[in-house]
Every structure is written in structure tokens, then in C-alpha cells.
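This report covers the contact between two chains and then the fold of one of them. The sequence and structure are shown first.

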Amino acid sequence: MSNVKVEIHQTLQNSTTTLVEMTNSFATTTEEDKFLAQYMAQLKADPKIAELPHDQAHPQISKALQERVRSVNEDTCDPGEENSFFVCDLNEIRNLHKNWQKELPRIQPYYAVKCNPNPLILRLLADMGVNFDCASKLEIETILKLGVSPERIIYANPCKVSSFIRFAAKQEVKKSTFDNVEELYKIKKFHPESELFLRIATDDSTAQCRLSTKYGCDLENVDELLAKVKELDLNLVGVSFHVGSGASDFSSLYKAVKDAKFVFNKVVDEYQLPKLKILDVGGGFQFETFAESSAVLRMALDEFFPEGCGVDLIAEPGRYFVATAFTLAAHVIAKRTVNNNKEECMLYINDGVYGNMNCILFDHQEPNPRVLYHDNKFHYEDFHSSSPKPECPYKVSMWGPTCDGLDCITKEYYLKYDLVVGDWLYFPNLGAYTSSAATPFNGFDQTADIIYINKEEPL
Amino acid sequence: MHSKPNLLQKKQNAVLQLLSTEQIQEKLANPTISAVSLTFPITNLIKKQKFDTNPSLLSYSLTSSGFKDWYADIETGSSLDLPQDNLIQLYWDVILIMESQFLYDVSHLKKFQNHLIDTMGTRLRYNNSKTLRDTRSWRGLCDNYMMVYLPLIFDDLIWCKYDSVYLHVVLPPIESWRKNDGKQSTCKEWLLSLLELSNSLDLQYLRLYLRRNDSNTNDLTTLLRNLNWIGGRILPNENRNELFDTDNNDRNGFDNLMLGDENFVILEFES
């Protein structure tokens, strides 16, 4: 790995210094891509990279799920009357934070509140020293009510209405991203004291949730924004980017850091603006790929923003901190056999995209249903109780409780058991962009209970 | 069968015709103006009023501050300059068009129109302007109705209504969306303009009604996939079974049976 890194260094040192020049130099770009690909391949081949940061607390999760299901089954509830519920392992969040500090010690995380605004999670993160990325007035209010200082908030909604900017000014939330001239004018009028981050577009083509497609300024348009910042005498403090969520190729992180460095240099060299102080490396981090993404990021930062360079580093992780902390349990409320085939059916469960699984629609998540309870037995530990491929005998499509065609959890999945009404399923790692839709925003009731485990563990 | 849908189309054409005044056309021809809206309170439906019952004209254009914003067009003022009877007809047409967006079967438009007049009459009789209303559901009649024209994005008018908290906006069908030549930014543009409109009306939430059949198209898919990111959320459609269980007097019965939101994906944004 280190050999590849050295080679990349040498290549880059020999290459042109600015991205604009590089993009004009096909040969150089290709050479860089080649070395990056080599680095990535070597990284992926490293067995340590494939290791998960830590084991999840399966025995405790299983116990909590079983206790709840038993209590439901022992009650007089009819099938369908009992709501789905979450088990949330607070210790998982502590472990994830420890892992963040281990892998990316130089980067201060700003948790993306929109990912899961659960108050207990927010409190825990705040107590651990995590800061917050807010996208709405409600999120800012929620964080401030926790007693968190506005200095620990970055306001990063890419679709800024004037009222939002006025609200941020009133609440003394200064850090904010921008990617177009019109936003700069709004900020000048309503919040001229803002500490601004220029959001640059990145290559997010391998991400499941592509953000730069719509948000972020292309490098060729950076000059216009920097000139306007100077003209309006605004306080530009940094650069931000976001490679999108669920990326499979983390070389985009390297390129984005390099592009950011290009802007850092341009600010001083061409616009004589004060030296930028903060780099925001965005989000898109996930439990399963964290070792790989953080390795690439460390490599890029060591090269372009080495320790002692006077630039603070921040990030906007969301799902990394919550996805694996939540397990959703739901039960079968109806079943319909398909084509008179006993081994193929439609299962209807008491949760769906309008409840706790709108991540299916809007976050490209594909929840993995596993059998929790069938035939008076619990099957949590049997991680082969289901498969997306025909490795299990019973083919199902799975639907939420509404009669809406969008309310489809999976069109095709295979289960080990022939589930019936009243049986339970569980969906691991379902904490990101799930319960946020079901929290009591605007008077809508929360639709699922949350059972917290490891609540009292010391920080 | 096709004559009834045409009635609604006729109403829409009539509205467009009435809006084709020289002043409004002049405004739309102004390249700095990105959108216009006409809004009126339902109290304008009451005949023989002494005060001006013209709708208020708002323009969305680049301000001297350097960004686009909505502002009331004081200069144009009574923009339509129509006899009061024609104005009232216009208002009824706008209300009918907006409310009929949720009508399952437009062949019942005439019956729905009579029902609407009846319901609106009741509302006007008991209207208390001092009471702030919070009409979350599209089902409730509102105190104000509005047409928005975003000519760079949509060919058709956008129909809206609002009280004191929510701006309900029914987006036109995808056929009337202008081709954006591959530009990705249009979604942000129209959303921002509607959010700013909601904000300028001092409302707290924007509710967008997108036709479900259109939700697979590129523009709307982009919007839906970025929903979390831009601070929006999807709202569940109403549970019609619950509605059938409630007291079913004649008026509610008509509302419940003939109207529904199943054909829409409903999104909500803070404004």
C-alpha cells in the first residue's frame, strides 16, 4: 500500500499543479487515475480493510427483540394490532464514535441531523463532542434546545430560502455552505456575518445517492463565486464537498480533496482573500466500508492538507453513526399466495415506506428482511434465514400495510420458512433515514416504539 | 364521456383568457420576471362589495439585492380591470379547478361544482377572519386561492390554496413541463421559487402534490431522491377506509366518495 502511495506522490509531483490544467491534460489525468486504481485495488486486497470495525451486540439485540415479541404474543392482541418497533443499541453509537476517532482523528464530525433526529441519539452524540449538520429550521431548533452552542452547527441546506438564512442569523448559526451567486446575495443581505463554505461538485457517479448532480459548484465556475465573495466582502472560511452516499469507488474522495486544495490555493493566489481555515469533507461514510473510505481520505489529507498545515478538518457523517444502531421488527399482517404456488407469496407487514422504511424510496436502501419468529421459535441468530437470491425455498414479495403501489419493501426475496400471519421479521441496520420520517414532526405521531439497550453505559 | 373533462379544460382556458390582459402579458414578456402569481381571498366572492376585489399580483424577479424574490406589484395594482361579475366568475373557476384536482371522476364535475358552491357558501356565511385557520389537509377549503405561472418551467398554471400555515400546491402534469435540455437545476429553481412564495405569504409549510403517474420521470425522481437532503419529507396518503367509518351525512359522503389523494405523492417542506 505504501509503495503505491509513494508512486502516486511522485506522479502528482511531476504533474501539473492545478486541476484545470490537469483536466486539459488527458495523459496526466489517465496516469493519476491509473495509480489511484492501483492504490484502490491494493487497498481492497488488504484483509484488514474488509474487517468490520467491531462486532454488533447481537445477543443483546436478540434478547430485546424476543422479550418484546413474547410480550406481544402473550397479550390479547390480534394479528396486525401491534406496531412495529425498533431496538436501538446506544453502545453501538459509542463504538462507532470511538472508531471514528481511531480512523479519522483529525476530523471533527458534524452529524447530519436529517439522517435520524432521535433526541436521545442527538443528546448522546452531543455529549461525546460530536457537532451537527442541520438542514432545516426545525433541526437547528432541536439542536439548540439540547444546549449545544450555535458554533457547533453547520447549516447545509442546498436550497436556501431567505427565511432560513434569517433564522440562522437570529440563532447565531454562522457556518453555512453555498454553491451559487444568488445565495451569496441572500447571505449578504440577511446574514453577512456568516462563515461560508464553498461547496464544490465532486464525481459522485458511483454513489447510490448522488448529490453533486444537483448541488455543488463545478470547478470551472469557482472563479465567479470567489469574485462575488470578494466583491460582497463576505467571510469565506472553507471549502466543502460531498461524494454522495453509498459510494463504491472512494477514489472520488481523493479527487475531491485535491480539488478542494485547488480552491484553497486559488483563494489566496488569485483573489488575495484571507487563507481558508476549514475543509469540510462531507459525508457518505458507512459502517461496512469505513476502513476503506477513511484510508483513502487519510492518504489524500496527508498529501494535500498535512498535519500542521493550519487547516481544520470537519465532516458531515449521518448514516455512519446510526445505521447499525437500529434494528426494526415488524410482523406479518396478511399473506396472499401467488399463482396458487405454495412457495411464492406476497407478505404484508405492519410497516412500510410510509412508516419507518421511506429509506427505500428516497435513500436507495434495500432493507434485508430476516426471520425473527416463526412456528413458536426465534431465529434471530440464523443469519441465513433469508436471501436476496434463490438460496432459500420460499419466494416472497414484501409490502407495507397501505394499499399503495409505492409501499413495496422488496419485490423479490427468499425466506427459509413459510411465514404466516402473526410471524415476525426483523430488518438489521435500519437507523438511517428511517425513523426520521416517523418522528412526531408537525404533530404526526411516532409510529414505532424504540427499545433502547445499553442505555446506561458510561461514555 | 369526453365532453365532461372538456368542461374543466374550458374553465382553464377561460381563466387563461381572462389573464391575457395587456398588463399581464407585458409583465410576462419582461425577461427579469421569472414568475407571476394572482391571489385572492374567498371573501372576494361576496357580491356588491365596496372595496377593490381585484386579485393581488405578485411577481418573482431579480431584486436590487441580487436575488430573486416575490413582491406585490403595487404599480400594476388592479391588474385585470374586469367587471366584478367577471371577476367573481374567474374566482369560482379557479376554486373549482383547484378543488377538482382531487376529484376521482371528472364526469361528475357539474355535481361537484354544485356541492362546492354549497360548501363554500356555508364557509363564507360563518367565515371569521380573526380566526387563524390551520388547514393541513387538501380536503378543506381555504381562505385564499392562487394561480402561479412559471413560464420557464411549466406551460400550465399551477393551482394553489392557503390559509395561515400551509400552502397547498398542485403541480401540473408532466406533459406541461418544459424540456430543460438536460439542465439539472430546474428542479431546484421551481422548488426555491415556491418556497420563497410560501415564505412571502408568511406561511410555514409548503405542501406539494405530484401526480403519481409522473413520479417515475427524471425531474421528479431527482426531486424524490434528494428529498432528505433538501429538507423535505413524504406524507402518507389519507386512509380512505377511515373516512368511510366516520359520520356519513350527505356532504361528507360526497367528499369522501368523490375526492381522494391516491393519485398524488405528497411532499412537505418548511418555508
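## Interface of chains A and B

In this predicted model, chain A gives 43 residues to the contact and chain B gives 34 residues. About 3,600 Å² is buried between chain A and chain B, with 57% of that area coming from carbon and sulfur atoms.

Two salt bridges are found across the interface of chain A and chain B. In a salt bridge between D179(A) and K188(B), the side chains meet at 3.4 Å, N to O. Nine residue pairs, both members at pLDDT 80 or more, are in polar contact across the interface of chain A and chain B.

## The chain A side

On the side of chain A that touches chain B, the elements giving two or more residues are α8 (137-145), α9 (162-170), α10 (181-190) and α15 (359-362) of chain A. The largest share, six residues, is that of α10(A). By class, the residues on this side of chain A are 19 nonpolar, 11 polar and 13 charged.

## Barrel of chain A

Chain A holds a barrel closed by eight strands, in the order β2-β3-β4-β5-β6-β7-β8-β9, with parallel pairing. From one strand to the next, the twist averages 30°.

Strands β2 (residues 107-112) and β9 (residues 312-315) of chain A pair in the parallel sense over three bridges. Opposite I107(A) stands L313(A), in β9(A). Helix α12 (residues 251-269) of chain A packs on the sheet and touches β7 (235-240) and β8 (278-280) of chain A. The direction of α12 of chain A makes about 160° with that of β7(A).

Conventions: Residues are numbered from 1 along each chain as its sequence is written. Chains are lettered from A and ligands numbered from 1 in the order in which they are written. This is a predicted model: local features need pLDDT of at least 70, side-chain atom pairs count only at pLDDT 80 or more; totals for chains, interfaces and linings use all residues. Side-chain values use heavy atoms; hydrogens and water are left out. Contact means heavy atoms within 4.5 Å. Buried area is the accessible area (1.4 Å probe) that two parts lose on being put together, summed over both. A salt bridge is a side-chain nitrogen of Lys or Arg within 4 Å of a carboxyl oxygen of Asp or Glu. A polar contact is a pair of N or O atoms within 3.5 Å; within protein, one must be able to donate a hydrogen and the other to accept it, and residues adjacent in sequence count only if both atoms are side-chain atoms. Helices (H or I, at least four residues) and strands (E, at least two) are DSSP runs, numbered from the N terminus. Ala, Val, Leu, Ile, Met, Phe, Trp, Tyr, Cys and Pro count as nonpolar, Asp, Glu, Lys and Arg as charged, and the others, Gly among them, as polar. Two strands pair if DSSP finds at least two bridges between them. Axes are lines fitted to C-alpha atoms, for helices over the stretch in contact, and angles run from 0 to 180 degrees between N-to-C directions.
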